[in-house]
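Please examine the following model together with its sequence. The paragraphs after it treat selected residues in turn.

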Amino acid sequence: MDKTDLQILQHIQTNARFSMVELAERVNLTQTPCARRVQNLEKTGVIEHYVGLLNPKSVGLPVNAFVELSLKREDERVVPEFESGLREFPEVMECYALSGGHDYLLRVVAPDLDAYHSFLKEKLLRLRGVEGMQTSFALSRLIYKTELPLNHLPLNQLSVNQSSVNLPSTRIN
């Protein structure tokens, strides 16, 4: 990975709707070499996919709940069944397996507290193995980023799925 690839990634993270012509201009390349670099970043998994980010309040989902959840492990099927069940709930926006006091941290969106309560009773607490949980509600969002910081990456090297991807370090015009 070189400086140009990092610039491409920064621009795509800021605005994935740039045309290839606009992106190429911003990184001082012509369209074809820029497109090749983007395709390589996609092919190697550095760029996973492109999305449009919606404003949750604008689509009627102002409630952000953070759920710390613990499982009782009756047998080895509890964890995979629980994780599979969570994937079926569109309200669960993020889920992390944790070390420490709880097993999972979920971010759940809802239109209001009644809808969140229904989600708990009708979905989450019906999953096998749920032993305990604690919910905290976001009062306001102070920081929200979708752009990953890239300043830690060494040029000419990037780890992708346990392998190293070396992209050309010479400028192509």
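Asn28 lies in the loop between α2 (20–26) and α3, where helices (H or I, at least four residues) and strands (E, at least two) are DSSP runs numbered from the N terminus. The phi angle of Asn28 is near 65°, a positive value in a residue other than glycine. The model is a predicted one, in which local features need pLDDT of at least 70 and side-chain atom pairs count only at pLDDT 80 or more, while totals for chains, interfaces and linings use all residues. Residues are numbered from 1 along each chain as its sequence is written, and side-chain values use heavy atoms, with hydrogens and water left out.

Strand β3 (residues 104–110) contains Arg107. Is this arginine buried or exposed? Arg107 is buried, because its relative accessible area is 16%; buried means under 20%, exposed over 50%, and partly exposed in between (1.4 Å probe, protein chains only). The side chain of Arg107 is joined to that of Glu94 by a polar contact of 2.7 Å. A polar contact is a pair of N or O atoms within 3.5 Å; within protein, one must be able to donate a hydrogen and the other to accept it, and residues adjacent in sequence count only if both atoms are side-chain atoms. Not counting residues up to four places away in sequence, Arg107 touches Asn64, Ala65, Phe66, Glu91, Val92, Met93 and Glu94, contact being defined as heavy atoms within 4.5 Å.

Arg128 is partly exposed, since its relative accessible area is 29%. A polar contact of 2.6 Å links its side chain to that of Asp75. Asp75 is also one of the residues that Arg128 contacts when neighbours within four places in sequence are left aside; the others are Glu74, Arg77, Val78, Glu81 and Phe82. Arg128 and Leu71 stand 57 residues apart in sequence, and their C-alpha atoms are 8.6 Å apart in space.

The cysteines may be considered next. A disulfide is a covalent bond between the sulfur atoms of two cysteines. With the criterion of a pair of cysteine sulfur atoms within 2.5 Å, a search of the whole structure finds zero disulfides. Cys34 is buried, as its relative accessible area is 0%, whereas Cys95 counts as partly exposed at 35% relative accessibility.

Val51 lies in the loop between α3 (31–43) and β1 (63–71). Val51 is exposed because its relative accessible area is 52%.
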